[in-house]
Amino acid sequence: MGVTGTEAGARPWEIDMTNGHHVVVLGAGYTGMFSAIRLAHRTRRTGVKITLVNPTSRFVERLRMHQIATGQQLADHRIPDLLAGTGVTFVQGTATAIEPETRRITVDGTMSLDYDTLIYALGSSTDTGKVPGADVQAFTLNNPEIAGRFAARLTEIAAARGTVTVCGAGLTGIEAATEIAESHPALHVTLISPDEPGGLMGAKARAHLHRALDRLGVTLETGARVTKVLPEAVELADGRIIRSDACLWTTGVKVSSLATDARIATDDRGLILVDATLRSVSHPEIHAIGDAAAVRLAWGQLHGSCQSGLPTAQYTADTVARLVRGKAVKPFRFGYYHQPVSLGRRDAVIQFTRTDFTPRRQCLTGRGAVAYKEMVSGSPLLTYRFSKRMNLTTIVSKGGRATRRPAA
Ligand SMILES: Cc1cc2nc3c(=O)[nH]c(=O)nc-3n(C[C@H](O)[C@H](O)[C@H](O)COP(=O)(O)OP(=O)(O)OC[C@H]3O[C@@H](n4cnc5c(N)ncnc54)[C@H](O)[C@@H]3O)c2cc1C
């Protein structure tokens with residue numbers, strides 16, 4: 001199934017270049033940044049103007065947030081520096097409303113930006129609103145400021161050999177718990193979750209993960225659900241109280257309500273519903289990428305990750321560039337290929353996966369895995385740098401037979 005600019009014909013999302021074309025990219029996280037830079041390279045000399053909107057001028061490396069949370073100093077990447085030489089205009093501000101009918105964005109409640117094409121890349125954040133007390137008592141890894149405050153709190157309580165609870169044993173919870181235990185051996189770290197850590201891994205990788213948790217002295221509370229976060233403890237569903245001088249919340253995801261508020265079609269979580277070419281099913285001039293898009297493929301729905309997010313950004317930059325030139329567009333295809341998890345700075349485990357994220361037999365552990373994970377974490381910034389000059393691909397797997405036909 002191909003979609004063409006000419007096929008679009010009289011349809012409202014036809015790309016008309018008579019008066020130039022303005023693309024607004026909302027969000028300069030991993031995917032928004034990549035789509036803006038790649039699109040600038042692919043549309044040079046076509047009259048396309050690109051504006052990128054983000055609340056801060058610092059580029060946030062979410063993949064390294066657990067490092068900030070343990071007091072490590074990370075490079076401070078500035079968005080204007082990353083965009084230098086691309087021609088992309090950076091607007092520092094928060095998008096506060098979208099008016100799809102007039103194709104207008106409001107930034108910080110006052111400034112207006114008109115668009116012809118919108119790339120919606122607002123990402124996601126950890127939801128502390130579901131369990132009482134989590135929003136006030138718990139820290140998150142949602143931004144460098146909160147992660148920095150958590151780091152300061154850890155230093156404070158380490159002196160008294162305090163207790164830290166990490167709620168949620170998904171990949172973020174595991175990475176955070178091991179990083180904390182390694183950098184603060186005096187702290188008692190408890191990882192609390194209804195599910196077994198590494199439950200989506202194969203037996204070998206999971207065994208390695210559990211050995212690492214054990215070696216680092218992390219206490220596991222598996223099969224446990226936190227029902228309340230108190231000032232110095234967390235309460236579990238079975239009534240037990242676990243002491244907690246600092247609580248890190250890593251479970252549950254929420255997205256901006258901007259799309260839903262604008263009556264753009266979203267799923268029940270607020271993710272934009274997209275077609276096979278990642279365009280909004282209700283407003284085809286809006287393309288959604290990364291964690292904020294509900295992308296369904298023949299084998300199932302993508303979950304929020306850089307691994308799948310960067311390919312959605314690459315695909316969308318290429319799609320917009322092709323539509324500008326009136327060329328055909330093929331459906332998006334992608335398959336997962338790995339689950340990389342750091343276990344502190346000196347250990348890691350990489351579970352290789354099938355297209356649908358189920359584990360293969362192969363995994364990598366120890367030093368090789370540490371180097372692999374570091375390469376994964378550093379690759380987005382390298383990709384941005386090279387993408388100013390060449391069309392580098394981030395799509396390692398298109399999913400083979402599993403994605404050959406788009407989902408109905
Ligand atoms: C600790 C941690 C470790 C992780 N490790 C991995 C990993 O190893 N591998 C992996 O694949 N994934 C990992 N992830 C997930 C990965 O970080 C996300 O999937 C990825 O960041 C999604 O990219 P994105 O561009 O959609 O969103 P983001 O990178 O979150 O970017 C969204 C951007 O939008 C901006 N924004 C939000 N609201 C507005 C607004 N109203 N107006 C303007 N801008 C706005 C935000 O400030 C942000 O800059 C990890 C996440 C965390 C927290």
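Look at helix α6 first: on the face turned away from its buried side sit the exposed residues Glu 145, Ala 152 and Glu 156. Keep in mind that this is a predicted model.

Now the other side of α6. Which residues of α6 are buried? They are Pro 144, Ala 147, Phe 150, Ala 151 and Leu 154. Seen down the axis of α6, these buried residues fall within an arc of 120°, so they line one face of the helix. What covers them? The cover includes α3 (65–68), β10 (163–167), α7 (171–183) and β16 (246–249).

A quick length check. Helix α6 runs over residues 144–158, 15 residues in total.

Next, a helix pair. Two packed helices are described by the angle between their axes and the distance between the axes. For α2 (residues 30–42) and α11 (residues 366–387), the angle is about 15° and the axes are 9 Å apart. That makes α2 roughly parallel to α11. Their crossing is left-handed. Who meets whom? From α2 come Tyr 30, Met 33, Phe 34, Ile 37, Arg 38 and His 41; from α11 come Pro 380, Thr 383, Tyr 384 and Ser 387.

Last stop, Leu 302. Where is Leu 302? In the loop between β22 (300–301) and α10 (306–324). Is Leu 302 buried or exposed? Buried, because 23 other C-beta atoms lie within 10 Å. Leaving out residues up to four places away in sequence, Leu 302 touches Val 295 and Ser 308. Gly 290 is 12 residues from Leu 302 in sequence, and 9.2 Å away in space, C-alpha to C-alpha.

Conventions. Residues numbered from 1 in each chain as written. Predicted model: local features only at pLDDT ≥ 70, side-chain atom pairs only at ≥ 80, totals over all residues. Helix = DSSP H or I, 4+ residues; strand = E, 2+ residues; numbered from the N terminus. Expected span 1.5 Å × (residues − 1). Buried ≥ 20, exposed ≤ 12 C-beta atoms within 10 Å, placed from the backbone. Arc of directions from axis to C-beta. Contact = placed C-beta atoms within 7 Å. Axes fitted to C-alpha atoms, helices over the stretch in contact; angles between N-to-C directions. Parallel < 35°, antiparallel > 145°, perpendicular 65-115°, else oblique. Left-handed = near helix turned anticlockwise from the far one by under 90°.
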